[in-house]
Amino acid sequence: MGAMDDLLGPRQIAELCESLERAAPDRGFDALLETTALLGPLSLRARTDLAASALVGIFPQYSAAAAAFRTALQDPAFSGWAIWPVTEAAVTLALTQGDSQAFDDCLDLLAELTPRLTSEFAIRRLLSADLDRALARIQAWTADPDPHVRRLASEGTRPYLPWAVRVAGLTDRPDATVPILDSLRSDPSDYVRRSVANHLNDLARHAPGMVLALASRWQESGTPESAWIIRRGLRTLVKKANPDALALMGFRPADVAVEGPHSETVLLTLPAVLSFDCVLTNRSAAAARLAVDYVVHYVKASGSTAPKVFKLAVLDLEPGESRRLSGRHAFHQMTTRRHYAGLHHLELQINGIRHGRLEFDVSL
């Protein structure tokens, strides 16, 4: 298995058992310890589910588990990736109990646990079970003194949170989390602001109009923190050449002469790096602010190509000014991208408009 899977291994499970045995000495945790023999072929998510299932079997009801977990929080060793199955077990027990008291207390417990390891994955099932009730309680976290809890309010409610189960209500009602984002848009913690920006970028995938209206409203307030979030949160819309997003970021249509892209190497054998350059000249009588991206058209298994946009530079050109830009793009096999041999090409994208065409051949 991969290195990520080993984040929750036999050592972490054994340490979790020790912490819980000290917190609840009247209970036996042999069933949890026995899961260590089964971890080998499992993914991180499957290991988490296995350990969580064992914990659910150990505790007869939510209140007993919550009491043990809160007692364990007094132990500094009760931390790390072993917390993930703890959060999942707590949610399973609370939802099985099925009453509002357990639901609300479980949300509180996840907030208490999140500084030890984020509760962002476990909270998703509570959001699915009762979105409005969960969001009302989560809203209060935006004023919590702990940045881990404030981040959980944003990160746990992201529509497309990586590794997490999807919550239909978050995509069906894109405005549901706006009050949370409004409360956190000027947060003093970079850790929190990054989550807000990623949340905004998620929303832009299915509600671009709402995101642009929200960003415009934030821009009017002029806080440095929200300005950074807007730039980060609109990044996908800018790459997609959304004209309203470009205009909001100050990238308006410009009369630019483009030379290139050029490269001295057009034959690549993986692993390889494509180096390229271009020259941009502002031909207009006014200064031009430019978002310069480049688009790699990757060959797919079928032989067709698919584009992906990458950032190159943001620059300002005075009337008549020229600027040479250079870039480097690596080609190597990755778990997230499989390369195929064939004729690729690269274009420049300047304020949303495509320019030039550099063809290059990739062999494996």
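Okay, to start: which residues are buried in helix α4, residues 62-72? They are Tyr 62, Ala 64, Ala 65, Ala 66, Ala 68, Phe 69 and Ala 72. And what do the buried residues of α4 pack against? The partners are α1, which is 10-23, α5, which is 83-97, and α6, which is 100-113.

Before I go on, keep in mind that this is a predicted model. The protein has 16 helices and eight strands. Along its principal axes, the C-alpha trace spans about 80 × 50 × 35 Å. There are 364 residues, and 48% of them count as buried. As for the surface, the protein exposes about 16,500 Å², with carbon and sulfur atoms supplying 51% of that. One more overall number: take the contacts with a separation of 6 or more, and 69% of those come from residues 24 or more positions apart.

Is Ala 72 buried or exposed? Buried means under 20% relative accessible area. Ala 72 is at 1%, so it counts as buried. If you skip residues up to four places away in sequence, Ala 72 touches Ser 19, Leu 20, Ala 23 and Phe 78. Now look at Ala 24 as well: Ala 72 and Ala 24 are 48 residues apart along the chain, yet their C-alpha atoms are separated by 8.3 Å.

Next, two threonines. Thr 48 sits in helix α3, residues 44-58. Its relative accessible area is 0%, so Thr 48 is buried. Who does Thr 48 touch, not counting residues up to four places away in sequence? That would be Leu 8, Trp 84, Pro 85 and Glu 88.

The other one is Thr 87, and its place is in helix α5. Thr 87 is buried too, with a relative accessible area of 0%. Leaving aside neighbours within four places in sequence, Thr 87 is in contact with Leu 110, Leu 113, Ser 119 and Ala 122.

Now on to helices packing against each other. Two packed helices are described by the angle between their axes and the distance between the axes. So we'll want both of those for each pair.

Pair one is α9, residues 147-155, with α12, residues 190-204. Their axes come within 9 Å and cross at roughly 0°. Angles under 35 degrees count as roughly parallel. That's why we call α9 and α12 roughly parallel to each other. If you want to find the contact on screen, on the α9 side click on Pro 147, His 148, Arg 150, Arg 151, Ser 154 and Glu 155. On the α12 side, it's Tyr 191, Val 192, Ser 195, Val 196 and His 199. Sorted by class, this contact of α9 with α12 has four nonpolar, four polar and three charged residues.

Pair two is α12 again, this time with helix α14, residues 224-233. Here the axes come within 8 Å and cross at roughly 40°. With that angle, α12 is oblique to α14. The crossing of α12 and α14 is right-handed. From α12, the contact uses Arg 193, Arg 194, Val 196, Ala 197, Asn 198, Leu 200 and Asn 201. From α14, it uses Glu 225, Trp 228, Ile 229, Arg 232 and Gly 233. By class, the contact of α12 with α14 has five nonpolar, three polar and four charged residues.

Last topic: some backbone details. Where are the cis peptide bonds I want to show you? One joins Gly 260 and Pro 261, with omega about 10°. Pro 261 lies in strand β1, residues 256-262. Another joins Leu 270 and Pro 271, and there omega is about -10°. Pro 271 lies in the loop between β2, 267-269, and β3, 272-282.

Then there's phi. Trp 163 isn't a glycine, but its phi is positive, near 75°. You'll find Trp 163 in the loop between α9 and α10. It has 47% relative accessibility, so Trp 163 counts as partly exposed. Asn 351 has a positive phi as well, near 50°, and it isn't glycine either. Asn 351 is in the loop between β7, 342-350, and β8, 353-363. At 10% relative accessibility, Asn 351 counts as buried.

That's my tour, thanks!

Conventions
Residues numbered from 1 in each chain as written. Predicted model: local features only at pLDDT ≥ 70, side-chain atom pairs only at ≥ 80, totals over all residues. Heavy atoms only, no water. Axes fitted to C-alpha atoms, helices over the stretch in contact; angles between N-to-C directions. Helix = DSSP H or I, 4+ residues; strand = E, 2+ residues; numbered from the N terminus. Parallel < 35°, antiparallel > 145°, perpendicular 65-115°, else oblique. Contact = heavy atoms within 4.5 Å. Nonpolar A, V, L, I, M, F, W, Y, C, P; charged D, E, K, R; others polar. Left-handed = near helix turned anticlockwise from the far one by under 90°. Buried < 20%, exposed > 50% of the residue type's maximum accessible area, 1.4 Å probe, protein only. Areas by Shrake-Rupley, 256 points an atom, 1.4 Å probe, with all protein chains shown as cover.
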